[in-house]
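Subject: Handover of a structure and the findings from it

Dear colleague,

Please find below the sequence and structure that I am handing over to you. My findings follow directly after it.

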Amino acid sequence: LSRGKASIEVVRVGQGSSECRVTRLTPGQQLSEGDLIANLIYDPTVKYNCVVYGDFDLDRNGVATPQDADVIKHLITQWGGKVMDKVNVDTDFVVLGKEPVLPTFTKDELQDPFNAKKLADAQAASDAYAKVRDTAKDLHIPILNQNRFLYLIGYYDQSHR
């Protein structure tokens, strides 16, 4: 996807206009009156329906958490979108977190009920993740990973200030 000329941050919203500041400008480009300003989620006339599924790693420390999924949901609602519980024909976008990883155990380690339960829980999480992904694919709904979603709404530009 093209990054566009620039990224902006809205700092004040008024009755008939808003004040913004430029947070990134592509070298060699100039902003001009009449340039299109776009955000994947925000459109004042449309409420996009989004499904957020999985755990996310917003601080990029290698540990995906359900709390970061709540941040993704908040960003969607902040931009005027609606978060749905499950994928259906009314879903506009699916934002998927990290794919669950199945732990590997030896035969002896699986004799421990704790390890057996851990493997069963991980398998159930993996199956549920695959079902959400496959349903979205079957319905031709765009699937965004964490990076694509955050890039498209401008989150990375704001977080690197």
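Gly4 is located in the segment before strand 1 (6-13) of this predicted model. With a relative accessible area of 39%, Gly4 is partly exposed. Beyond its neighbours within four places in sequence, Gly4 is in contact with Arg24 and Thr26. Gly4 and Gly154 are separated by 150 residues in sequence, yet their C-alpha atoms are 11 Å apart in space.

Strand 5 comprises residues 93-96, and both of its faces are covered. Phe93 and Val95 lie on one side, Val94 and Leu96 on the other, and all four are buried.

Strand 5 pairs with strand 3 (residues 49-53) in the parallel sense, over four bridges. Within that pairing, Val94 in strand 5 stands opposite Val51. Strand 5 also pairs in the parallel sense with strand 6 (residues 143-145), here over three bridges. Leu144 in strand 6 is the bridge partner of Val95. Together with helix 2 (residues 113-138), strands 5 and 6 form a β-α-β unit, which is right-handed.

Asn49 and Asn88

Two asparagines have side chains that reach the backbone of Asp90. Asn49 lies in strand 3. Is Asn49 buried or exposed? Asn49 counts as buried because its relative accessible area of 16% falls under the cut-off of 20%. The side chain of Asn49 reaches the backbone oxygen of Asp90 at 3.0 Å. Apart from residues up to four places away in sequence, Asn49 touches Lys82, Met84, Asp90, Thr91, Asp92 and Phe93.

Asn88 is placed in the loop between strand 4 (82-84) and strand 5, and its side chain reaches the backbone nitrogen of Asp90 at 2.7 Å. Asn88 is partly exposed, at a relative accessible area of 25%. With neighbours within four places in sequence left aside, Asn88 is in contact with Leu139 and Ile141. The C-alpha atoms of Asn88 and Val51 are separated by 9.4 Å, while the two residues are 37 residues apart along the chain.

Aromatic pairs

How many aromatic pairs does a search of the whole structure find? The search finds two. In one of them, the ring centres of Tyr48 and Phe93 are 5.5 Å apart and the planes stand at 65°, so the pair is edge-to-face. This pair links distant parts of the chain, 45 residues apart: Tyr48 is in the loop between strand 2 (18-25) and strand 3, and Phe93 is in strand 5. Phe93 is buried, with a relative accessible area of 11%.

The other pair is formed by Tyr53 and Tyr129, whose ring centres are 6.4 Å apart. Their planes stand at 55°, so this pair is tilted. It too links distant parts of the chain, with Tyr53 in strand 3 and Tyr129 in helix 2, 76 residues apart. Tyr53 is partly exposed at 27% relative accessibility, whereas Tyr129 is buried at a relative accessible area of 7%.

Nonpolar cores

The largest nonpolar core has 14 residues. Those with the most contacts inside this core are Val52, Phe56, Ile72, Ile76, Val95, Phe149 and Leu150. Strand 3, helix 1 (66-78), strand 5 and helix 3 (146-152) each give two or more residues to it, and helix 1 gives the most, with four. Another core, of nine residues, lies apart from the largest one; Met84, Leu96, Tyr129 and Ile141 are among its members.

His140 counts as exposed because its relative accessibility of 71% is over the cut-off of 50%.

Kind regards

Terms used:
Residues numbered from 1 in each chain as written. Predicted model: local features only at pLDDT ≥ 70, side-chain atom pairs only at ≥ 80, totals over all residues. Heavy atoms only, no water. Buried < 20%, exposed > 50% of the residue type's maximum accessible area, 1.4 Å probe, protein only. Contact = heavy atoms within 4.5 Å. Pairing = 2+ DSSP bridges. Right-handed = clockwise from strand over helix to strand, strands pointing away. Polar contact = N/O pair within 3.5 Å; in protein donor to acceptor, adjacent residues only side chain to side chain. Phe/Tyr/Trp six-rings, centres within 6.5 Å; stacked < 30°, edge-to-face > 60°. Core = buried A, V, L, I, M, F, W, Y, C linked by side-chain atoms within 4.5 Å.
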